[in-house]
Amino acid sequence: MEERKGSAKSNKVAAENQEKWVYDSSVDHKGNVPLRASTGVWKASLFIVAIEFSERLSYFGIATSLIIYLTKVIHEDLKSAAKSVNYWAGVTTLIPFFGGFIADAYLGRFSTVLVSSIIYLLGLILLSMSWFVPSLKPCDTHPCLEPRKIHEVVFFLAIYMISIGTGGHKPSLESFGADQFDDDHTEERKQKMSYFNWWNFGLCCGLLLGVTVVVYVQDHVSWGVADIVLMAVMGTSLVIFIIGRPFYRYRRPTGSPLTPMLQVLVAAIGKRKLPYPSDPAQLYEISQSEKVHGRLLCHTNKLKFLDKAAIISTENSAEKQNPWTLATVTKVEEMKLVLNIIPIWLATLPFGMCVAQASTFFIKQGVSMNRSIANGFEIPPASIYSLAAIGMIISVTFYEKILVPVMRRTTGNERGINILQRIGIGMLFLIGTMVAAALVEKKRLGIVEKDPLKSSHSMSVFWLAPQFVIIGFGDGFTLVGLQEYFYDQVPDSMRSLGIAFYLGVIGAGNFLSSLLITAIDHITEKRGKSWFGKDLNSSRLDKFYWLLACMAAANLCVYVFLARRYSYKNVQKVAVVDCYEGEEEKGGSLA
């Protein structure tokens with residue numbers, strides 16, 4: 001009786017400690033175990049969302065107008081300008097692989113965000129100087145027929161500095177925000193599911209201001225004044241981010257996340273001739289109390305060859321001390337997680353290719369159309385992109401406030417629908433986007449053909465509204481789903497790299513879009529007339545959009561095939577290594 005009372009009292013104390021302190025390997029700004037009441041969750045995440053709002057305002061203020069700047073100020077032709085934008089966007093979204101690796105392995109997420117934000121700010125300062133320092137200005141005459149070479153050099157140097165800043169900022173900041181929620185605390189885990197939705201809500205608000213207010217200043221005041229505005233906003237948000245330092249929860253960098261994976265591979269190859277144990281429980285695993293960083297994972301039956309790395313071939317304790325000859329079940333499962341996400345990543349690349357059109361050809365379509373709305377006021381071409389942001393805000397709000405509560409009651413799934421289902425729904429909307437874009441462009445070309453003098457200036461820019469709204473609504477499912485998927489499904493030690501995988505979808509999509517444009521240009525030119533002329537009126541973008549729609553539809557079939565066979569991360573909840581195969585699919589992720 002006394003033993004039971006003592007056990008109950010001990011459990012009560014443990015529960016109280018669990019509620020008071022955060023035991024998820026994170027520390028506070030002094031390096032101590034964080035106090036739950038005064039650190040993390042929304043009180044910390046709001047500071048992080050604030051700097052994301054500012055960064056996205058700056059990024060989209062530059063990105064959506066970049067093709068216009070290159071054609072009007074730098075005087076590149078349409079094809080070259082589209083390629084330049086795609087290359088820049090590609091680099092901007094692929095550098096995060098390096099930034100995420102540095103954050104996870106060496107610097108930590110807070111320090112990486114701080115350093116990269118300073119580089120970003122320096123890029124904006126250089127961009128402002130390219131307009132206000134006399135020797136760096138495009139030229140002294142108006143209109144500027146041929147810009148100075150030094151202006152081109154400084155301009156591209158500035159925007160690629162912004163790329164480098166984004167490379168460290170983007171993967172680290174989003175994962176740093178998600179780190180503010182404890183996965184082992186029921187209430188915080190639910191809040192974390194909402195975090196990615198509200199993160200993107202803040203992102204869209206920044207995007208909305210970037211493509212309206214900033215773009216209006218670029219169009220009606222000057223590019224230089226707009227750059228100063230962006231510089232001031234980014235500087236202010238950096239100060240706000242630093243002020244929030246006492247409220248954050250920090251994860252210490254754990255060294256290269258690639259080393260444990262290499263150790264698993266070496267151990268598995270070394271033990272390739274050993275027989276599998278009859279019971280997976282015989283595979284080597286440490287206890288929960290011995291685990292310093294991250295969480296223990298359950299054994300799964302996929303990629304069984306790698307399990308051989310966890311076979312205990314001898315009772316010799318020296319083997320257990322050598323990670324190159326014996327790996328834990330958790331390390332093996334982390335290797336499987338990384339291999340499992342590769343097919344999904346590849347299957348989302350056509351999505352990235354279609355998204356690339358929104359900041360290039362969609363914007364150029366707006367330039368050639370009637371943008372007047374009332375009293376002679378003209379919408380800046382890039383501001384039409386705001387409809388995509390509005391579509392995404394509606395989508396995220398609908399998902400968070402209506403769809404998830406309804407689906408939770410219907411399915412009993414904590415997420416409402418699983419992550420890959422969410423991504424697939426967005427891909428369906430993307431096909432609709434490309435179909436709508438093809439139909440609108442066909443109509444625009446028809447008007448040009450009837451009256452070449454007026455061209456398509458008699459056609460309202462709001463004909464482009466459907467394709468922007470649909471892609472925005474779809475992004476609320478696919479983009480947010482990709483962020484959550486890659487953060488959630490990678491090993492705990494690779495979460496910045498996980499966000500980099502998501503950004504890599506967009507980056508690789510931009511590069512593939514450029515390659516596709518080059519290939520189609522080459523093929524169609526050989527057959528008589530290229531689909532990509534010197535301007536929109538001599539191009540056949542409608543055919544290009546139909547091609548992308550067909551590619552997206554075929555890819556969706558492949559994606560569904562892969563998603564139906566996918567095994568989600570399964571976190572061990574007890575001291576014994578179990579594999580809850582049935583729960584994996586039902587819950588989407590137990591992480």
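1. Helices here are DSSP runs of at least four residues, numbered from the N terminus. By that count, Gln-483 sits in helix 16, which covers residues 465-489. Bear in mind that this is a predicted model.

2. Is Gln-483 buried or exposed? Gln-483 is buried: its relative accessible area is 1%, and the cut-off for buried is under 20%. Its side chain makes a polar contact with the side chain of Tyr-502, at 3.0 Å.

3. Turn next to helix 11, residues 329-347. This helix has 19 residues. From first C-alpha to last it reaches 28 Å, close to the expected 27 Å. Of the 19 residues, 14 are buried, so helix 11 is largely enclosed by the rest of the structure.

4. Asn-301 is in a loop. That loop runs between helix 9 (258-270) and helix 10 (317-320). Asn-301 is partly exposed, at 46% relative accessibility. Its C-alpha lies 9.9 Å from that of Glu-333. Along the chain, Asn-301 and Glu-333 are 32 residues apart.

5. Which residues form the nonpolar patch on the surface? They are Leu-262, Leu-265, Val-266, Ile-269, Tyr-276, Phe-305 and Trp-324. Together they have about 590 Å² of accessible area.

6. Take Val-266 as one member of that patch. Val-266 lies in helix 9. Its relative accessible area is 37%, so Val-266 counts as partly exposed.

Methods
Residues numbered from 1 in each chain as written. Predicted model: local features only at pLDDT ≥ 70, side-chain atom pairs only at ≥ 80, totals over all residues. Heavy atoms only, no water. Helix = DSSP H or I, 4+ residues; strand = E, 2+ residues; numbered from the N terminus. Buried < 20%, exposed > 50% of the residue type's maximum accessible area, 1.4 Å probe, protein only. Polar contact = N/O pair within 3.5 Å; in protein donor to acceptor, adjacent residues only side chain to side chain. Expected span 1.5 Å × (residues − 1). Patch = residues over 30% accessible without salt bridge, like charges linked within 9 Å, V, L, I, M, F, W, Y side chains within 5 Å. Areas by Shrake-Rupley, 256 points an atom, 1.4 Å probe, with all protein chains shown as cover. Salt bridge = Lys/Arg side-chain N within 4 Å of Asp/Glu carboxyl O.
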